[in-house]
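Biologist: I am new to this structure. Please take one part, the contact between chains, and go through it closely, then go on to whatever else is worth noting.

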Amino acid sequence: MAASLRCVLRSGKNAVSALRRRGFHSSSPAAVQVTVRDALNQAMDEELERDERVFLLGEEVAQYDGAYKVSRGLWKKYGDKRIIDTPISEMGFAGIAVGAAMAGLRPICEFMTFNFSMQAIDQVINSAAKTYYMSAGLQSVPIVFRGPNGASAGVAAQHSQCFAAWYAHCPGLKVVSPWNSEDAKGLLKSAIRDDNPVVFLENELMYGVPFEMSEETQAKDFTIPIGKAKIERQGNHVTLVSHSRFVGHCLDAAAVLAKEGIECEVINLRTIRPMDVESIESSVMKTNHLVTVEGGWPQFGVGAEICARVMEGPAFNYLDAPVTRVTGVDIPMPYAKILEDNSVPQIKDIIFSVKKTLNV
Amino acid sequence: MKTMLAIISNALCRMTGRNVGARVVVSRSFADFTPQVTFDIKKCDLHRLEDGPPVKAELTREQGLQYYRTMQTVRRMELKADQLYKQKIIRGFCHLYDGQEACAAGIEAAINPSDHLITAYRAHGYTYTRGVSMKEILAELTGRKGGVAKGKGGSMHMYAPHFYGGNGIVGAQVPLGAGIALACQYQGNNQVCVTLYGDGAANQGQIFETFNMAALWKLPCIFICENNKYGMGTSVERAAASTDYYKRGDFIPGIRVDGMDVLCVREAAQFAADHCRAGKGPIIMELQTYRYHGHSMSDPGVSYRTREEIQEVRTKNDPISMLKERMLGNNMASAEELKEIDVDIRKQVEEAAQFATSDPEPPLDELCNHIFYNNPPLEVRGTHPWSKLKSVS
């Protein structure tokens, strides 16, 4: 106690930080555990509060608190005007959302899952994505389309498709795919603040997963820039590139491989379009080996695009082996658990692929 | 006054031996013209409405001249586009609006510039009435940098403040229009959105989804079906189980209007706008109209309808002729005065066409611009890996 006092008196203007460092009166919010669901909820809550032009519409988003409870509490706080329950009319309400964006509002249009976005895909592509270009800059469309994407658990073929490749194919769209809570919050806030159409691909299996969120990431103005990947784990032997849920799988595989002396660099793409190819290239130029991991189907997918881009760029000459893609199995998603489990990349598939790529 | 002039003109004629009289008679003072006339207009068929638009319409001389000028401008502009297309100076899609001018002119007369309007691909008329110059419209059709969308949109993608195009996907503009109406309601600005679609689009599912939400949320949206009797080559009888398009909104009130009479259109649109502004929710207007051209420039327009039918509408029901006859018949303007307007419009159309054919095409280094708004510049892949193009907002 006396030592601290002396420290404070001596340090003068550094008093406060001195107190903090010593753990004296520690009133600053430390890192907390936040689920992806709650992170998304916080992001929307903060943006709704910050800008009155922001509103949320979709099926069951208001009085039901969201089909997956992502919008829990928002209707109670903001009311009917800002949180709108729609009938089951994807094409209609997606078009309405785009029109509202054209006329000055900033809608968040929720698809209960992205499988249902196919009903409305014309509005996403032809009315939202292309309009700024077709109008030569006269008409912008500040809209976010969000919802769960990709495989869930036991929901079978019509409810399990990954749309990352479909939407990322189109100029005029930004496509974002968060993995953890920090990603979810920072990227959703950026998406809502972005003046362009953003497709925000969540993952239902990640909603309930808690992650530590630092003090910095809890701030009301914390955003993550769209278009920048993050290196989740440093390594020298092989680069693993992934997005969404499979980033976690990559980290788990990396932990196992580390015990065998193989150090993986794990890159979390965070954004599919525009893709941060430079981060991948820098990493490949260091590790000389690349493995991509995704939940979607292999043909014309995210991994295929990464292969093509790496081949066309400076990193190609640094590859000691062809790029390996780890993907979902090229079939409609089956129902039975054993079949479903074997339809998406497992940790052992990633480990196997890394070793094959490294020829060990 | 008239006899005085007649005496003078006769005297002049005898003196000069030439028919100067004609010009003397023309320069009558404006006090000679009837300043305002009340016309009887057709009663509208009503759906779920007790009262409809009035059956009388007041027209002032100024309004008459303005509507005449607007409709004649659209007419001549579209005919010039036809000409330019046949000369292959306009390419791709070109859907012409001649015959339907009373719809665009009548609607614009009833709404404010601060209201909103969105339509489908037969959009040149509305692009003009919503404030884009003929020069910018024709230059957009010819794909030049002076076009309203810098040549990047073409016929179906022209925009202006409170005018949202120009939309190529049939029916997609209807949910967009309801969304614009939602924004009006949300912002509490007492504005309405006029959302147009055709008899062909009327069978699109997304329109019914939109009707449901617009009625549920009482959106200030005026849905207008321009029924020109043919969706491309399919007549309404062959496309729709019910051709009462004004009733197709079921729970939404509807009016069926003579779309060839600019006064009918104006009165109905005024009625509809009042309905929406009073917070009563959406309303549907069916405008019965006709297009002289085929569906687009690649359709001669006579394989699914007879030349006699087209000719009959031209002679008996042309919107510009009808207005002209009304004005001349009631001494609201002189034939010469209208002729002067025609000459002036022709001149303007020629100038606009001249601009549209001589303005340069957009520069290649702007190819990739306007992908994103308010965004730092980005790199766009060209046709091969060594082609790295630049895109700015």
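Modeller: Buried area is the accessible area, found with a 1.4 Å probe, that two parts lose on being put together, summed over both. Between chain B and chain A it comes to about 3,500 Å², and carbon and sulfur atoms give 66% of this. On the chain B side, Tyr159(B), Tyr186(B) and Tyr373(B) lose the most area to chain A, together 22% of what that side buries.

Before going further, some conventions. The model is predicted: local features need pLDDT of at least 70, side-chain atom pairs count only at pLDDT 80 or more, and totals for chains, interfaces and linings use all residues. Residues are numbered from 1 along each chain as its sequence is written, chains are lettered from A and ligands numbered from 1 in the order in which they are written, and side-chain values use heavy atoms, with hydrogens and water left out.

With contact meaning heavy atoms within 4.5 Å, chain B brings 36 residues and chain A brings 45 residues. A salt bridge is a side-chain nitrogen of Lys or Arg within 4 Å of a carboxyl oxygen of Asp or Glu. Between chain B and chain A the count is one. Arg381(B) and Glu312(A) form a salt bridge through their side chains, at 2.5 Å from N to O.

Helices also meet across the chains. Helices (H or I, at least four residues) and strands (E, at least two) are DSSP runs, numbered from the N terminus. Axes are lines fitted to C-alpha atoms, for helices over the stretch in contact, and angles run from 0 to 180 degrees between N-to-C directions. Helix α5 (residues 90-102) of chain A packs on α7(B) at an angle of about 50°, with the axes 6 Å apart. α5(A) and α7(B) are therefore oblique to each other; angles under 35 degrees count as roughly parallel, over 145 as roughly antiparallel, 65 to 115 as roughly perpendicular and the rest as oblique. Their crossing is right-handed: a crossing is left-handed if the near helix is turned anticlockwise from the far one by less than a right angle, and right-handed if clockwise. From α5(A) the contact includes Gly92(A), Gly95(A), Ile96(A) and Gly99(A), and from α7(B) it includes Leu176(B), Gly179(B), Ile180(B) and Ala183(B). The residues of the contact of α5(A) with α7(B) are eleven nonpolar, four polar and no charged, where Ala, Val, Leu, Ile, Met, Phe, Trp, Tyr, Cys and Pro count as nonpolar, Asp, Glu, Lys and Arg as charged, and the others, Gly among them, as polar.

Within chain B, α7 (residues 173-187) also packs against α8 (residues 205-216), at about 20° and with the axes 8 Å apart. That makes α7(B) roughly parallel to α8(B), and α7(B) passes α8(B) in a left-handed crossing. Val174(B), Pro175(B) and Ala178(B) of α7(B) make the contact with Gln206(B), Ile207(B) and Thr210(B) of α8(B). By class, four residues in this contact are nonpolar, two are polar and none is charged. Pro175(B) and Ala178(B) also take part in the contact of α7(B) with α5(A).

Away from this contact, a few details of chain A remain. Over all chains the structure holds 45 salt bridges. Asp38(A) forms a salt bridge with Arg72(A), with the closest N and O atoms 3.6 Å apart. Asp38(A) lies in helix α3 (residues 36-50) of chain A and Arg72(A) in the loop between β2 (54-58) and α4 (74-82), so the pair ties together parts that are 34 residues apart in sequence.

Most residues other than glycine have a negative phi, and most peptide bonds are trans. Ala156(A) has a positive phi of about 70°, and is placed in the loop between β5 (144-148) and α8 (164-168) of chain A. Arg273(A) and Pro274(A) are joined by a cis peptide bond, with omega about 0°; Pro274(A) is in the loop between β12 (271-273) and α11 (277-287) of chain A.
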